[in-house]
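Dear colleague,

Please find the structure below.

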Amino acid sequence: MIDRGPAAPDLVGSSLAIIGSGQAASGAFVAGPTFSQYGYSWFRDGAFIAEALDNMGKIEWAARFHHWVAGVVISTAPGLERSREAARAGRTPAAADYLHCRYGADGLPADTDWPTFQLDGPGIWLWSLAHHVLHGGRLDAELVLAVEHVARYLGDLWSLPCADAWEEFDEHVHSSTLAAIRVGMEAALSMVPQLAIEPAIGRLRNEIEDRMSVRDGAYTKWLGNPEVDASLLWMAAPYESVLATEPRFAATLRRIESEIVTAGPGVHRYASDTYYGGGAWPVLTSAYGRVLLRRDGPGDVEHALRALRWIEAQADDRGQLPEQVADHALAPGRIDAWRELWGDSARPLLWSHAAYLSLRSELERRVDFASDHA
Ligand code: BGC
């Protein structure tokens with residue numbers, strides 16, 4: 001019998017309420033409604049939030065987000081074509097042309113100093129849309145058109161350096177970004193077989209595997225950087241593009257566990273992270289729990305449940321989850337400088353709530369939570 005641990009406050013209820021009120025009329029999700037830097041909608045955050053909503057049966061909410069993305073993509077179509085031409089000619093696409101990583105809820109690119117060119121977001125969006133369709137979401141003509149644009153765009157741009165899932169190091173080609181592009185391309189093909197990108201995907205699959213950085217049998221952040229990065233967890237869960245037992249992924253997981261998982265078990269982004277001191281992130285702890293559920297035959301339900309309880313313990317008394325938790329900061333000396341710049345780190349973060357819901361809904365198939373609120 002699995003020890004369910006202490007009862008949690010109604011974090012499912014507060015998570016849905018926070019995500020619901022953070023969804024703009026346009027369908028965009030505002031990443032961190034109260035944090036000065038996160039009043040925008042990211043493809044990456046939104047795609048993972050939509051996945052959670054589909055997992056919770058909130059198909060309509062997810063559909064509104066997907067249509068918002070489709071609107072952004074279609075209105076950027078001429079720029080996407082110019083980006084493809086530039087990439088094919090060996091040039092870097094212009095910022096006015098490529099897909100940005102974050103937009104205002106009105107669909108206009110955000111005016112910030114952060115790196116805007118990130119290719120993982122469009123890939124994760126394609127994957128999330130395919131997940132939506134599998135859960136009963138309707139793939140209408142607007143979505144199909146957007147899928148075509150994004151797949152062709154990624155097909156030409158995939159090998160360009162761009163900022164990673166943490167919006168950093170834009171001069172490199174990141175393993176985790178490549179994994180997201182690959183899974184996105186496969187998702188595009190599954191949704192729109194007439195896309196005729198099958199040969200390109202076949203090629204891409206191999207080329208991407210060759211470009212992903214591997215050291216001592218484990219994936220690392222980028223070629224020449226030996227560090228492991230927790231965003232690589234997404235390959236096994238939720239993308240399910242590799243089995244958790246596949247040797248290269250299993251070796252990566254072992255490194256993640258020994259280098260960037262706290263006893264808690266909160267998960268850090270990477271060992272040299274200094275953003276707000278490099279705390280532990282609920283979104284990554286959720287991914288870790290979901291990977292554990294896919295490890296070794298029946299999966300490690302007990303440790304996945306510990307991951308869920310760790311996330312629950314980070315909620316404040318209003319049921320709000322943060323982006324990261326400073327208790328186990330890797331670089332505590334750096335926290336104050338960020339606080340002075342932008343105040344406390346984001347809370348609530350919609351993606352953290354979504355990640356909680358996704359892990360929880362997977363665990364619900366294995367654990368009886370009935371007495372949590374008894
Ligand atoms: C994270 C990104 C995220 C963004 C908004 C950044 O600090 O590194 O992964 O998309 O915040 O939540």
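Does serine 213 count as buried or exposed? At 4% relative accessibility, serine 213 counts as buried; buried means under 20% relative accessible area, exposed over 50%, and partly exposed in between, with a 1.4 Å probe and protein chains only.

This is a predicted model, in which local features need pLDDT of at least 70 and side-chain atom pairs count only at pLDDT 80 or more, while totals for chains, interfaces and linings use all residues. Residues are numbered from 1 along each chain as its sequence is written, and side-chain values use heavy atoms, leaving out hydrogens and water.

Serine 213 is found in the loop between α8 (198-211) and β3 (214-215); helices (H or I, at least four residues) and strands (E, at least two) are DSSP runs, numbered from the N terminus. A polar atom of the serine 213 side chain lies 3.3 Å from the backbone oxygen of tryptophan 222.

Turning to the ligand, a polar side-chain atom of aspartate 45 lies 2.5 Å from one of the ligand's oxygen atoms. A polar backbone atom of alanine 165 is 2.6 Å from an oxygen atom of the ligand. Taken alone, the ligand exposes 310 Å², and the protein buries 99% of that (areas by the Shrake-Rupley method with a 1.4 Å probe).

Key:
A polar contact is a pair of N or O atoms within 3.5 Å; within protein, one must be able to donate a hydrogen and the other to accept it, and residues adjacent in sequence count only if both atoms are side-chain atoms.
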